[in-house]
Amino acid sequence: MSSDRARVRIPAELAADGTGLPDRCARHGRPAARRADFALQSKVRVEGNRALSANALSTASRLSRYAERVRVVPVRAWPLCRTCLRLRRSWLAVTLLLFVGGLTAFVGSLLVGVLSDDAPRALAGAAAGGFVALVLSALPFSRAGLGRIAGAFTSDDGTAVEVAEPSAEFTADLARHRGPAPGPS
């Protein structure tokens, strides 16, 4: 495989409609076990230094420039195979475990510390560990995102959904739905 990653572009209108999408998973090429709706947001870089724009007016200006440039593409009926669904469930289970476990440790240790006259020092460690687990729960949650699971993202201009390294089956099925074969970008 070349150093350039193969990509397939799907027009945003086709992704938003969902009726012309293949019946196969983009990542694995297996038949779709479920179809999912989600939205993809383009990545935008705003020029300027965040540290130097610490006042409210500069921050508002940066946010305004960001809002003007960001593009959101709705995706309807995206095909996901059983492997993709299992991967998503696994990441969500890890998220739930970290979040609920961290919240329980944090709040529980604080409550015991407040209600106890001579709270052990270990409660401070449990509270700190719980807080860290709460913060770390964001990582598996981001990995469970449907766009990431599907391998799809928006083009910079927001006119297309791109799939990095799609399966051959997905590409062939997409070509049957759209007509001519999509070319790598």
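Asp23 and Arg35 form a salt bridge (a side-chain nitrogen of Lys or Arg within 4 Å of a carboxyl oxygen of Asp or Glu), with the closest N and O atoms 2.7 Å apart. Asp23 lies in the loop between helix H1 (12-17) and strand S2 (34-41), and Arg35 lies in strand S2, so the pair ties together parts that are twelve residues apart in sequence. Helices (H or I, at least four residues) and strands (E, at least two) are DSSP runs, numbered from the N terminus.

The model is predicted: local features need pLDDT of at least 70, side-chain atom pairs count only at pLDDT 80 or more, and totals for chains, interfaces and linings use all residues. Residues are numbered from 1 along each chain as its sequence is written, and side-chain values use heavy atoms, leaving out hydrogens and water.

The whole structure holds four salt bridges, including these:

| Pair | Closest N and O atoms |
|---|---|
| Asp23 and Arg35 | 2.7 Å |
| Arg7 and Glu162 | 3.3 Å |
| Arg176 and Asp173 | 3.4 Å |

Arg7, Arg9 and Glu162 are linked in a network of salt bridges.

Asp173 is in helix H7 (residues 168-178). Arg176 and Asp173 are three residues apart in this helix, separated by about one helical turn. Asp173 is buried, at 7% relative accessible area, whereas Arg176 is exposed, at 61%. Buried means under 20% relative accessible area, exposed over 50%, and partly exposed in between (1.4 Å probe, protein chains only). Asp23 is partly exposed, at 46%. A polar atom of the Asp173 side chain lies 2.8 Å from the backbone nitrogen of Asp23.

Key:
A polar contact is a pair of N or O atoms within 3.5 Å; within protein, one must be able to donate a hydrogen and the other to accept it, and residues adjacent in sequence count only if both atoms are side-chain atoms.
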